[in-house]
Each structure stands twice: as C-alpha cells, then as structure tokens.
Amino acid sequence: MKRIGVLTSGGDGPGLNPCIRAATRMALGYGLEVMGIERGYAGLMNGEMISLDARSVGGIIGRGGTFLGTTRAPEFKTPQGQREALRCLNRHGIDGLVVIGGNGSLSGACALHQRGFPVVGVPATIDNDVVGTDIAIGVDTALNTILDAVDKIKDTASSHQRAFLIETMGRDSGYLALMGGIAGGAEMILIPEFETTLEEVAQGLLDAYVRGKAHCIVVVAEGYKPGTQAVADYLCARQEELGFGVRVTVLGHVQRGGSPMAFDRLLATRLGAAAVRELHEGNHGHIVGLIGNEIVLTPLEDVLTRRKELDLSLCELSKIMEK
Ligand code: ADP
Ligand code: F6P
C-alpha cells in the first residue's frame with residue numbers, strides 16, 4: 001500500500017477534523033501518501049481530491065465541521081456510481097480508503113469493500129446509532145450542546161412557569177434525547193423506542209405541576225411519533241387545565257456544530273489512527289470502534305445488518321429521576 005484516501009460523508013458533526021488529522025498523520029508516519037477526498041462520495045465519483053501533508057491538517061483539531069466537506073450523494077448508491085468511484089480511485093493510485101461517517105456512509109464503504117476495494121470505516125454521527133462502537137465521534141459534543149440549551153431553557157421556563165418541549169436530533173434513535181434528558185434533569189423524555197401517549201404526556205405535566213415544579217422540561221427525540229408539533233398542539237389545547245404555558249424549542253443543526261470537546265478529540269484521534277493502522281496491516285472491511293476502553297474491529301456487514309439498541313436500564317433510570 002502506497003497511497004490512501006480519506007473522506008467524510010453524510011451528516012457532519014464535531015470531531016471530523018481531528019479524525020482526518022489523525023488518519024493523515026498516522027499514514028504519513030507509515031510512509032504512505034494521503035489524498036483528502038472532498039465532498040464525500042460526490043467528490044470520490046468526480047475525482048475531487050487534494051494531497052495532504054502534516055501541515056495541511058495543522059490547526060484543525062479544535063474546529064467543528066469537516067474541512068474536506070461532506071455531502072449526501074444518492075448516485076453513489078447505484079452500481080454505476082460505485083464503478084465511477086473505483087475508476088477514480090484507480091486513476092489516482094489510491095489503494096486504501098478511510099471512510100468517516102454514519103450508517104449511510106458505512107453502507108457506501110461496505111459497497112466498495114464488497115467490490116474488492118480495501119476500506120476501513122470510522123463511526124462518526126451525532127445520532128450514536130452505529131453498531132460496533134459504544135459511542136461515535138460527535139456524540140459527546142452534541143450532548144454538551146444539548147445540555148447547555150436545556151440549562152438555559154430551564155432558567156426561562158422557571159421564571160415563567162412554563163413547560164418546554166425541547167426537540168433533539170437523532171433520526172430514528174432516541175439516544176441524544178435520552179442521555180440529554182437524564183443529564184439535563186428533564187421531567188419527561190419522549191423517544192421512538194418507548195411508546196408514550198399524548199394523554200400520558202399531559203398527565204406528566206399535571207403531575208409536575210401538582211408536585212410544585214416551577215417548570216416542566218420535556219426532551220423529545222425528533223424520531224418520536226406523532227412528533228413534537230403534535231404534542232405541542234395537544235398540550236396547548238389543554239393549557240389552562242395543565243397549569244403550565246407551553247413552548248417549543250427545536251435545537252436543530254446547532255447540535256452538529258461547534259468545537260469538538262476533549263472526549264471527541266481523543267476519540268477521533270484514536271479511531272482515525274487505528275483505521276489507518278488496520279488498513280496498513282491489511283485488515284479491511286471493518287469499522288474501528290470503542291467498546292469499553294478498547295479499540296475493537298467489527299466487520300462492516302455486521303455493523304449494517306444489526307440495529308443498535310438503547311440501554312433499557314437507562315430508560316428505567318430516567319423514569320426514576322423524572323420525579
Ligand atoms: P450518514 O452517513 O450520516 O448516515 P447518509 O445516510 O445520508 O448519512 O449517507 C451518506 C451517503 O452514503 C449517501 O448520500 C450515499 O452517498 C452513501 N450511502 C448511503 N446508503 C448507501 C448504500 N446503501 N449503498 C451505497 N452508498 C450509500
Ligand atoms: O444523521 C445526523 C442528522 O443530524 C440526524 O440527526 C438528522 O435527522 C439529519 O442528520 C438531518 O439531516 P440534514 O443535515 O440533511 O438536515
């Protein structure tokens with residue numbers, strides 16, 4: 001192996017830059033050349049790439065986003081798109097690839113692997129829904145952003161005796177809402193993995209009011225059905241009876257930005273370096289993840305055929321803490 005490529009793909013999140021930096025510097029340490037592929041699989045199909053040296057990745061360890069850019073590139077799901085990507089990789093003499101991203105991006109990595117190209121995946125998504133790692137790059141910083149918002153909203157909620165629905169991202173996963181809700185001391189957490197009816201939510205508000213709470217913080221995962229707005233409409237219609245005025249804050253993409261915190265910088269550095277080490281040693285077709293405090297390899301096929309489950313004991317803990 002002489003030259004590797006590195007790309008970031010799918011939804012961005014804090015920690016992608018330190019991961020690119022680590023992969024690049026590890027590869028340079030092995031005497032490999034490194035090409036940074038811009039705009040994820042879109043750039044891979046179009047041959048958009050730049051040569052990276054140690055200086056090109058200087059000064060980025062604390063920067064949010066990804067300096068290589070990222071995209072969602074539906075064409076890459078087609079056999080034609082994947083053939084174009086392989087042609088580009090061959091044309092540029094790249095003989096190994098590090099793909100940094102979430103489940104979609106890792107599906108793309110798996111497609112290249114199944115076509116015989118050496119790939120190692122690095123799990124990076126604020127959703128924390130990738131099998132094969134306890135925590136993906138970006139999750140910890142996103143959680144801290146959520147906590148900052150919850151703490152601030154609690155101040156204004158208490159002043160006005162209001163209930164706030166705070167919507168977190170996470171796609172189909174309730175991880176961010178559950179962890180953000182527990183750490184933020186929420187009165188209620190609504191996640192797709194746990195059925196909670198609108199009547200139960202209303203009852204939760206009533207109970208909090210009767211217990212003398214000055215606020216009621218409800219953290220809602222974006223994947224919770226029937227959705228944050230439906231909950232808000234239901235509660236607003238019963239506002240008088242429930243005691244709290246109701247407001248909604250959708251945290252949105254603020255959760256994906258910002259300087260990666262210490263945990264994400266360290267995780268990104270460890271996983272980025274490990275991905276290159278594995279490529280260099282000829283172990284490809286895997287992701288590198290953190291399980292316990294160990295770096296563990298999991299085959300891409302396993303990552304993509306299993307669903308990451310939420311720790312149910314944490315759901316129970318959240319119910320006890322909601323009092
Ligand atoms: P994430 O990696 O954050 O989960 P997406 O689901 O948007 O983000 O996927 C990112 C990109 O990965 C897609 O735009 C597409 O280029 C590629 N991708 C997703 N699913 C597949 C698939 N089944 N096969 C090949 N490529 C895929
Ligand atoms: O996968 C990361 C994520 O932020 C999800 O939590 C969210 O559902 C989605 O991406 C939003 O995507 P977009 O950036 O395309 O709006």
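A residue counts as near a molecule if one of its heavy atoms lies within 4 Å of it. The model is predicted, so local features need pLDDT of at least 70, side-chain atom pairs count only at pLDDT 80 or more, and totals for chains, interfaces and linings use all residues. Residues are numbered from 1 along each chain as written, chains are lettered from A and ligands numbered from 1 in the order written, and side-chain values use heavy atoms, without hydrogens and water.

Around ligand 1 there are 16 residues, of which Arg72, Ala73, Gly102, Gly104 and Ser105 come nearest. For polar contacts, the rule for a pair of N or O atoms is a separation within 3.5 Å. A polar side-chain atom of Ser105 lies 2.5 Å from an oxygen atom of ligand 1. A backbone N or O atom of Ala73 is 2.6 Å from an oxygen atom of ligand 1, and one of Asn103 is 3.4 Å from an oxygen atom of the ligand. Taken alone, ligand 1 exposes 560 Å², and the protein buries 82% of that (Shrake-Rupley method, 1.4 Å probe).

Which helix supplies the largest share of the shell around ligand 1? Helix 4, residues 103–114, does so with five residues; helices here are DSSP runs (H or I) of at least four residues, numbered from the N terminus.

Leu178, Ile189, Ile191, Phe194, Cys315, Ser318, Lys319 and Glu322 line the largest cavity, a cavity being a set of points on a 1 Å grid over the protein atoms alone where a 1.4 Å probe fits but cannot get out, with lining residues having an atom within 4 Å of a point. Helix 12, residues 312–321, gives the most to that lining, with three residues.

How values were computed: A polar contact is a pair of N or O atoms within 3.5 Å; within protein, one must be able to donate a hydrogen and the other to accept it, and residues adjacent in sequence count only if both atoms are side-chain atoms. Helices (H or I, at least four residues) and strands (E, at least two) are DSSP runs, numbered from the N terminus. On a 1 Å grid over the protein atoms alone, a cavity is a set of points where a 1.4 Å probe fits but cannot get out, and a pocket is an open set with protein on both sides within 12 Å along at least five of seven lines; lining residues have an atom within 4 Å of a point.
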